[in-house]
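I opened this entry to record what I looked up, going from a ligand shell to a helix pair and then to the backbone.

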Amino acid sequence: MSANLSSNADHPVSATFDKRQLRNVLGSFVTGVTVVTTRDAEGKLHGLTANSFSSVSLDPPLVLWSQATSAGSHPAFRDAERFTINILAENQYGLANHFATRSPDKFSGVEHDLGVDGLPLLRDCSAWLECKVVSRFPGGDHVIFVGSVENIRQSGSRPLVFGGGQYLVADPHDLGRAPLGTAGAMLSQPHAVRLASRSMLRLSSTLDKTLALVAWGNHGPTVIAWQAATTPVAADLPLGLVLPVTSSASGLALAAFLPPEAIERFVTAELRDNEHRAHDELPVTVESLAKILESVRSSHIATRRPGPFYGDRVLANAISVPILTPNGTAVLALTATGPADQFDAAPDGPCAEALKAAANEISAALRAA
Ligand SMILES: Cc1cc2nc3c(=O)[nH]c(=O)nc-3n(C[C@H](O)[C@H](O)[C@H](O)COP(=O)(O)O)c2cc1C
């Protein structure tokens, strides 16, 4: 099929697609969402939702966005010397829809402050860039505005995302993919996370240990939640921390209940690295690991030898218990950790018992669901 996209005789574009197909293809390029604002000579505020925003240059700092010449606010932006980019936060899709709809006064009822030259800065955005127009280029049915960035601010709120014609939220790529050989088994993971989060809160106050919830991500055992004790095991508890499989309690608790194909490449890499490292104690081997995993399978408790926590000099101990799907696959590990001199991490101690009871309760709830 061939269609003529442009009615402009000077620039005939013969294409093998129609407008709808082009829109779909462009929609597969995922973007953030902005509201671009300005103020006209009479002091009236203008703004529209735009995802054509893009960075151009760091030095000098330049950005661009493009506007349809058919937009009601185009004359105002065409004549303005400044524009402000408001990068919307994850929860501001309502504002995105509001500014994507024509109306005589888009700013009434919208909380905003006034920035340089009285241009509006919408409240609670993820970030703001105040810009001075340096170039305008015609671009088909749009005009491309290039602006020099003069002020920037950032709130730390997660940005809203747009792709495939809908609003999206950005989540890190590395978490949430089902481990190899567990297709379907991870469907109960969100429910398990909800239940385990509640248990963590309760356990951290009764045990006064730092608790972690660990899922199997693309890079192996990955901490997805922390609950700090009165004396946390470390000053910062980073989410997304990837733990070793063979030498962390969480890694062992998960690995004991995952299919061999899920853990194989991580185990192979860690055992290979072990060979090249100096050890004060016996390194884990294929044989010793098989024995450890067997014992975790029978006790449902994994412990680790005291080791530095997250590169820290403080030695930490840990106990971890698996939370299992109805077919016996580890969906999460619930882990208690603390400085080795305060937490002996005995596999038969009260802490291990409390963790195991909590994990059993969650696994039973998943079976009943
Ligand atoms: C997610 C999204 C992104 C948009 N991006 C742009 C854009 O980059 N440029 C543009 O001119 N219009 C864009 N629009 C459409 C305008 O927001 C819409 O036409 C708006 O009504 C224009 O406002 P105005 O007519 O009051 O000027 C976008 C709309 C949405 C929902």
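**Ligand shell**

The model is a predicted one, in which local features need pLDDT of at least 70 and side-chain atom pairs count only at pLDDT 80 or more, while totals for chains, interfaces and linings use all residues. Residues are numbered from 1 along each chain as its sequence is written.

I noted that β5 (45–50) and β7 (62–68) each supply at least two residues of this shell; helices (H or I, at least four residues) and strands (E, at least two) are DSSP runs, numbered from the N terminus. The ligand is surrounded by 18 residues, the closest being Ala 50, Ser 52, Ala 71, Gly 72 and Ser 73, where near means a C-beta atom, placed from the backbone, within 6 Å of the molecule. By class I found nine nonpolar, eight polar and one charged residue in the shell (Ala, Val, Leu, Ile, Met, Phe, Trp, Tyr, Cys and Pro count as nonpolar, Asp, Glu, Lys and Arg as charged, and the others, Gly among them, as polar).

**Helix pair**

I then turned to α4 (residues 189–207) and α8 (residues 350–368), whose axes come within 10 Å and cross at roughly 160 degrees; axes are lines fitted to C-alpha atoms, for helices over the stretch in contact, and angles run from 0 to 180 degrees between N-to-C directions. The two helices are therefore roughly antiparallel to each other, a term for angles over 145 degrees. Among the residues making the contact are Leu 195 and Leu 203 of α4 and Leu 355 and Ile 362 of α8, a contact being C-beta atoms, placed from the backbone, within 7 Å.

**Backbone**

I checked the peptide bond from Asp 59 to Pro 60, which is cis with omega near 5 degrees, and placed Pro 60 in the loop between β6 (54–57) and β7. Asp 208 has a positive phi, near 50 degrees, though it is not a glycine, and Asp 208 is found in the loop between α4 and β15 (210–217).

Terms used:
Angles under 35 degrees count as roughly parallel, over 145 as roughly antiparallel, 65 to 115 as roughly perpendicular and the rest as oblique. Two residues are in contact if their C-beta atoms, placed from the backbone, lie within 7 Å.
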